[in-house]
Amino acid sequence: MENLNIYVPRLLDSREYFTPGQRACQGCGETVALRQIMKSVGRNVILANATGCSEIISSPFPQTAWLVPWIHVAFENVAAVASGVEAGMKALERKGALPKRNVKVMAIAGDGATADIGFQALSGAVERGHNFVYVCLDNEAYMNTGIQRSSSTPFGAMTTTSPPGRMSKGQKTWKKNLPEIMVAHEIPYVATASPSYPFDLIRKVKRAVEVDGPAYLHVLAVCPTGWRSAGEETIRLGRLAAESGVFPLYEVDQGKYTINLDPGELKPMKEYLGLQGRFRHLKPEDLEYIEDRVHTNFEKLRAKVRMTSEEDKASRKATKQKPKKGKTAARSKK
Ligand SMILES: Cc1ncc(C[n+]2csc(CCOP(=O)(O)OP(=O)(O)O)c2C)c(N)n1
């Protein structure tokens with residue numbers, strides 16, 4: 001990919017729907033992700049955006065960085081609002097009061113809004129089968145309010161509410177596995193993505209928009225302010241997150257798992273965690289402890305790929321073996 005000017009315009013919309021001039025911190029991974037997401041979605045969309053960095057930095061009255069219809073909603077109800085917009089448009093189209101234009105509805109929220117306060121609304125909206133895309137921008141803490149822990153903060157990380165000290169190693173709990181919780185809802189499409197892999201992210205957004213029914217995208221958003229990392233390391237950190245297995249890039253399309261980046265041998269934990277001041281207090285044995293867990297989880301993911309692959313299904317059929325787990329058929333739009 002030597003000449004980006006020749007290569008990229010063929011794949012990407014040159015127009016911006018999330019414009020420059022917003023007020024994010026230097027090196028913010030979330031804004032890179034939003035720019036890519038919006039290029040992939042285009043303008044035929046209505047966004048519901050929960051309170052959080054993405055909303056704060058993009059909409060200081062009377063300015064806005066959004067060139068598409070955009071609704072700011074509270075922390076806890078972004079999925080409820082998005083599902084209401086989708087249901088409302090469907091009803092109006094049915095009555096002939098609105099022309100059928102296949103407008104997509106998308107909810108955007110941070111990990112605090114998704115994993116904690118807005119979780120109930122998200123579970124309800126996807127369970128009801130609304131045709132919408134939910135994007136969680138995971139910067140792994142409540143960042144815009146001053147770096148408080150969320151249930152998506154990784155084990156050992158320092159935040160203002162999980163400070164390390166004599167009695168503590170920082171965050172005491174393991175990161176809540178939101179993509180897998182969404183898979184358990186049996187929705188048509190779930191994927192993780194990172195702006196450090198733009199073409200992978202853009203493809204996943206297109207797939208999420210195209211499926212009929214709820215789709216969930218979990219996007220890693222490196223946050224130099226909260227992670228205590230250098231702004232110029234943002235893209236590298238996103239790559240290391242995937243290559244170390246901490247944030248595996250995978251998708252579950254109609255129940256079938258695919259790992260989009262399996263490096264074979266996972267990179268050592270210290271390459272990834274070592275670039276972040278929030279893990280500076282951890283000792284080598286702590287890194288080993290985290291690495292063990294990461295490797296176990298990656299193995300589980302590989303096993304799910306095998307279990308849901310066509311080849312495996314075919315061989316089970318041939319030997320008339322029953323699958324170990326229940327049916328993984330995805331919930332489709334009602
Ligand atoms: C019910 C409720 N609780 C708390 C807040 C205060 N608050 C606003 S944004 C925010 C943090 C949001 O965290 P996250 O969703 O991870 O977004 P980020 O700021 O990291 O982008 C909090 C706690 C609120 N607005 N409403």
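**From the ligand shell to the helix packing**

In this predicted model, 18 residues surround the ligand, and the closest of them are Gly52, Cys53, Gly110, Gly112 and Met143; a residue counts as near when its C-beta atom, placed from the backbone, lies within 6 Å of the molecule. Residues are numbered from 1 along each chain as its sequence is written. Because the model is predicted, local features need pLDDT of at least 70 and side-chain atom pairs count only at pLDDT 80 or more, whereas totals for chains, interfaces and linings use all residues.

Helix H3 (53-56), strand E3 (104-110) and helix H5 (111-117) each contribute at least two residues to this shell, and H5 gives the most, with four residues. Helices (H or I, at least four residues) and strands (E, at least two) are DSSP runs, numbered from the N terminus.

Elsewhere, helix H4 (residues 78-94) packs with helix H6 (residues 119-127) at an angle of about 30 degrees, their axes lying 7 Å apart. H4 is therefore roughly parallel to H6, as angles under 35 degrees are classed; the axes are lines fitted to C-alpha atoms over the stretch in contact, and angles run from 0 to 180 degrees between N-to-C directions. On the H4 side, Val78, Ala79, Ala80, Ala82 and Ser83 meet Ala121, Leu122 and Ala125 of H6, where contact requires C-beta atoms, placed from the backbone, within 7 Å.

Key: Parallel < 35°, antiparallel > 145°, perpendicular 65-115°, else oblique. Contact = placed C-beta atoms within 7 Å.
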